[in-house]
Amino acid sequence: MLLPIIITFLLAFVMLLFKPQKMARFFKFISVIPLLLFLYLLSYLPAVHYGVKSVFFKNDWIPSLGISLDFKIDGLSMLFSLMITGIGTLIYLYAAEYLKKDENIHRFYCYLTLFMGAMLGVVLSDNLITLFVFWELTSISSYFLIGYNTNEEDSRKSALWALSLTGLGGFLMLASFSLIGMVSGTYSINELLTQPGILVNNEYYYIIISLLFAGAFTKSAQFPFHFWLPGAMKAPTPVSAYLHSATMVKAGIYLLARFSPILSGDEVWNYNLMIVGGITMLIGALLSIFHKDMKGLLAYTTISALGIIVFLLGIGTETAYYAACTFILVHALYKATLFLVTGIVDHETHTRDLSVLRGLGKVMPPVAIAAFIAALSSAGIPLTFGFLSKELFYGVTTGTIWTRESVFILTGIMLLTNVFLTSAGFLAGIRPFFGKLPQEFKKIHKPNVFLWLPPVVLSFLTLFFGVLPAIVDQTVINAATSAVFGKSTDMYLVLWHGFNMVLLLSIITIVLGTVLYFTIKPSNKNEGRLKGLDDFSPQTIITNIAVGIRLFAFKYTRFFHNGYLRIYILIIILFFTGIVGYKLFADVPLRVNTEGLSEFRIYEFIVFVITMIAIYIITNTTSRLTSIAALGVVGYSICLIFVFYGAPDLAMTQFAIDTLTVVLFVLVLFKLPPFLKFSNGKIQFRDGIISVSFGVLISLITLQALVSPADKSVSKFYADNAYVMAKGKNVVNVILVDYRGFDTMIETIVLSIAAIGVYSILKYKTQDGEKSE
Amino acid sequence: MELLLVILVGAFYSAGIYMMFRRSMVKLLLGLLLLGNGANILIFLIGGITKGKAPIIKPQNTEFLEVYADPVPQALILTAIVISFALTAFAIVLLKRVYTTTGSDDLDSLNIQDLDI
């Protein structure tokens, strides 16, 4: 099994070698690939056709991590893989004609083949991790297919929506798989099946199933994740028919069905599926009939149909599983037909507007017949395959396991859904082909045989299985049901049950659906009403959230990163003052060490006062020169303080540097205009408060630091050894040039660099263009 | 005297930060210098101030015989003063250049707003 899948993937890339247009007529021969796969899979049918049997293909990949490329064919896989390859064959044929003139058709076939390989991988993998890999590959290839018309913005957007939602779901599903692997110690589905209960009774059970639901519901477009599917209808119609009705969206269903025997058994599992499925099927069916775009209508009926399957899986009885498995096939057959027909109509008339399309049966009879049969099947008219599944639905909801009230509710929901689906089916499959042919469509001639043949084949199967159900129920459907149910089942699809409740419900459905069909007329007004609902749709909500987050990020950045240096300093200082201040007052007892403090003499006090005045002048003057002079005064005062307290070296340096600074200031900045007053009193007051409290905090910290005397051992070492080791008597000098000689050297380098910088800036001539005055 | 110096340190820090909040580039630089002075005094103060006695060994002795001022903070401050001069010199020239190029002393006039978010 590994080989066919790998070959499929390789062939996908071979497609890229074909030249479009020139070789356009050869593209239909590519359908040989799915056909061969179909026949190959069919050869395994006898092996799995009855009871819980399977064929296992073992391929190790990374045994140490429990990851393998094991494949398994059982009834469920068989049902899905036959659908994938069978419908795939027809789609391949159809698309070659549909996209004949497209210049990227080789890419289209590459994506489509990739998708088919991935999809086969999903339904055949026995290993959870491998299943996940294929699952993501279907999302990715679907992304390329939805966004196939790359020059349309809508198409790209829808593709991204679909990818992000299914991707997110897949991600959560991976989490679920890892939990399953952690709890049970194996990633093999086959082994999990041999130990049921191990997950159900585990404490992680609810997390596992909710993550699994997230994966399945996003992929299968269940409420509230349904909205990506109508968007995905931007894809070329063959893609919609293949991926978004028959196969990929059913991957979520497959996942739920696959895990039913492993994870069902808890009421939460059943109720969740029933509620979500129930809501989805009702909403999808209700919304579908208001659309006048054929594809839009079909998209919503697909959502509804997926809801029905989830609902049935949720009910979880043998009959329900049987009904679900039957309906998967029924739906794939009639929905793919309707989509293909839509594609033909679109291709020939260039519109999908149901309010315009009439009477096309006169110009394309085979298409009309196929559509008619599909519509009947979707409505559940006897002798079509759809009738059998509808009988089963009502059989399930009126089953004996329910209380009177539940029968009422479940049957009611089912009836309502089916009534709407019936008229939706009529709208898409019957309305465009009957009535009077408008003038503008008179010139249309019969479409190419490769366009009308696939839907005709599908509708023929619908009819064929409807009349002779034994052909499928004894082969795949029973086998699939056994795989889902976990026990061997042996049920029959019966054409005639006699006059009973179920038949009555079927008749009511058809009658009401027909009445509704004649009441509802596709129009802009109805679509307009739907637009109002858009405000509450999950898509709008998510979009609004996304916009909101972006706005928040923008404002947040604006606030904290506003480009004003002083605001950054302000925030830093505020936080520093707040946090350190709080810590200081909360944890440290405030003490002032008055002992050992030296008294001050009068001249020291005078120096102090002068310094304070100079600082005040610097901060308040409007004259640049005054402030520079005041800065000089401050420098000299500090110089004096150094002199008073035994630091002659410092005093000399400070004196020299300060003089230089002032001279430099005056020389260079003398010509600048006086300070402009940029800020108002309020801002100055704010800044004043903040800076004064910062200063006070620093003072308080200094005061606290003075309480404990500094460690003098380092100083003592230098003092003791200055002469003994370094032969110098000025200890400060010895430290600088001897003990810390390297520091001083590097400091000199820094000074040199600064000097070079100063020199080059002074020499630099301003270019003309740079002046912005 | 320590108490006076503590107040002085506070005053330097307050004034320095206040000047840095201003929009003028020259004021920003002045604020930085005041802050630097405050830090120097702070280091000097924390090291313990000793009146009058420089950390210089008398010519006739080979070691200290009496109390001396702590040499380590002095070495640190000396380095700080010199480095801050390098900074100041470079900044002054840069300011001058900015002024001749843009014709403004206003920091905000140098901002380029992010246009498209």
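Helix α28 of chain A covers residues 681–707, which is 27 residues. From its first C-alpha to its last it reaches 39 Å, close to the 39 Å expected at 1.5 Å a residue. The model is a predicted one.

**Helix α28 of chain A**

- The buried residues of α28(A) are D687(A), S691(A), F694(A), G695(A), L697(A), I698(A), S699(A), T702(A) and L706(A).
- These buried residues of α28(A) pack against α24 (565–587) of chain A, and also against α1 and α2 of chain B.

**A helix pair in chain A**

- Helix α12 (residues 250–263) and helix α14 (residues 294–315), both of chain A, pack with their axes 10 Å apart and at an angle of about 10°.
- Angles under 35 degrees count as roughly parallel, and α12(A) and α14(A) are therefore roughly parallel to each other.
- On the side of α12(A), the contact is made by I253(A), L256(A), A257(A) and S260(A).
- On the side of α14(A), it is made by L306(A), I309(A), V310(A) and L313(A).
- By type, the residues of the contact of α12(A) with α14(A) are seven nonpolar, one polar and no charged.

**Chain B on its own**

- Chain B has three helices and zero strands, and along the sequence its pattern reads α-α-α.
- Of its 117 residues, 50% count as buried.
- Taking the contacts in chain B between residues at least 6 apart in sequence, 52% join residues at least 24 apart.

**Record annotation for chain B**

- An unreviewed UniProt entry lists residues 6–21, 28–49 and 75–95 of chain B under "transmembrane region".
- In the model, residues 28–49 of chain B are 86% helix and 0% strand, with the end C-alpha atoms 31 Å apart.
- Residues 75–95 of chain B are 100% helix and 0% strand, and the end C-alpha atoms of this span lie 30 Å apart.

**Where chain B meets chain A**

- The contact between the two chains takes 81 residues from chain B and 89 residues from chain A.
- On the side of chain B that touches chain A, the elements that give two or more residues are α1 (2–20), α2 (25–46) and α3 (71–102) of chain B.
- The largest share of that side comes from α3(B), with 25 residues.
- The residues of the side of chain B that touches chain A divide into 51 nonpolar, 18 polar and twelve charged.

How values were computed
Residues are numbered from 1 along each chain as its sequence is written. Chains are lettered from A and ligands numbered from 1 in the order in which they are written. This is a predicted model: local features need pLDDT of at least 70, side-chain atom pairs count only at pLDDT 80 or more; totals for chains, interfaces and linings use all residues. Two residues are in contact if their C-beta atoms, placed from the backbone, lie within 7 Å. Helices (H or I, at least four residues) and strands (E, at least two) are DSSP runs, numbered from the N terminus. Ala, Val, Leu, Ile, Met, Phe, Trp, Tyr, Cys and Pro count as nonpolar, Asp, Glu, Lys and Arg as charged, and the others, Gly among them, as polar. The expected span of a helix is 1.5 Å times one less than its number of residues. A residue is buried if 20 or more other C-beta atoms lie within 10 Å of its own, exposed if 12 or fewer, and partly exposed in between; C-beta atoms are placed from the backbone. Axes are lines fitted to C-alpha atoms, for helices over the stretch in contact, and angles run from 0 to 180 degrees between N-to-C directions. Angles under 35 degrees count as roughly parallel, over 145 as roughly antiparallel, 65 to 115 as roughly perpendicular and the rest as oblique. UniProt positions are given in the numbering used here, feature names are shortened, and annotations may be inferred rather than shown by experiment.
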